[in-house]
Amino acid sequence: MGIKTKITIDDIDTNFNISSLKETLDGNSDTVYILDENYILKIYEDSSFKIEHEEKVLNLCKELKVPKVIHKLNIKGKSAIIFNKAIGQSLKIANKNHLFQIATFLKNFHNITKNKSFNTSYSYDKKYLENLIKQSKNEYFENWYLNLDVKLKNDGIIHGDLFIDNAMFYEDKLSCVFDFSDSCSGDFLFDLAVVALSWCQTIDDIKVLINYYDKSLDLNIFLEYVKYASLFYCAKRVTENRSFDDIDYFKKFQ
């Protein structure tokens, strides 16, 4: 987390005039700066398709509460985007009102992206998860995976990483959902499961979330998706040398 590409104001396109540049700890893979307290500069560190994905998704759902692209540029040989900075801040713990708002956002987002896709193999599918588990060399993850009962579908474009710190609220109202750079084609229930994993503290919270998203969802079926999302991100964090206790399904919900 934090800054990977160090820059100064002089590195920014002169067609976009700013007077201040502040480093952040935001972003696990990309570099994020705050410009003049009004804009966000995101420098894409890893893959060229990320900026294409983010821009495509933001254009698709521009009527929702998502960042607006202000300026595209190249910094030190890397692609970058300047977004408007949303008002508010991320939550530490979500209540029922917050769960209602994020469930409604995700439902609307999925209605827009249904049956749409990207031309890339990157996803949160079982093949990718198996590779993460193999890299982790963790027997606990291997046994966990063998006991999962999930058949992932390709419903459309998903956010994939909608943890609680990827949304902001102002005066208790959702003001922005951001960080779509890891969006890909995938299963909508996996997308919702990531929200359940991060935003919910109890099984009762999960019941509230799925009731707002889709009352017809079967809780037991959905909990398998939450276990899958938990395993995916636990294994991912281990490969990144990060702690995963807070998102371990069995420690958090049982």
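The accessible surface of this protein comes to about 12,800 Å², and carbon and sulfur atoms hold 47% of that. Areas here are from the Shrake-Rupley method with a 1.4 Å probe, and for residues only the protein chains shown count as cover.

Before I go on, this is a predicted model: local features need pLDDT of at least 70, side-chain atom pairs count only at pLDDT 80 or more, and totals for chains, interfaces and linings use all residues. Residues are numbered from 1 along each chain as its sequence is written, and side-chain values use heavy atoms, with hydrogens and water left out.

Now the overall form. The C-alpha atoms fill a box of roughly 55 × 40 × 35 Å along the principal axes. The radius of gyration is 18 Å, which agrees with the value near 18 Å for a compact globule of 254 residues; it is taken over C-alpha atoms, and the globule rule is 2.2 Å times the number of residues to the power 0.38. Of the 254 residues, 52% count as buried, meaning under 20% relative accessible area, with exposed over 50% and partly exposed in between.

The protein has 8 helices and 9 strands. These are DSSP runs numbered from the N terminus: H or I of at least four residues for helices, E of at least two for strands. Among contacts with a separation of 6 or more, 70% are between residues 24 or more positions apart, where contact means heavy atoms within 4.5 Å.

Glutamate 52 is exposed, because its relative accessible area is 52%. Its C-alpha lies 9.9 Å from that of serine 79, which is 27 residues away in sequence.

Technical notes
Buried means under 20% relative accessible area, exposed over 50%, partly exposed in between (1.4 Å probe, protein chains only).
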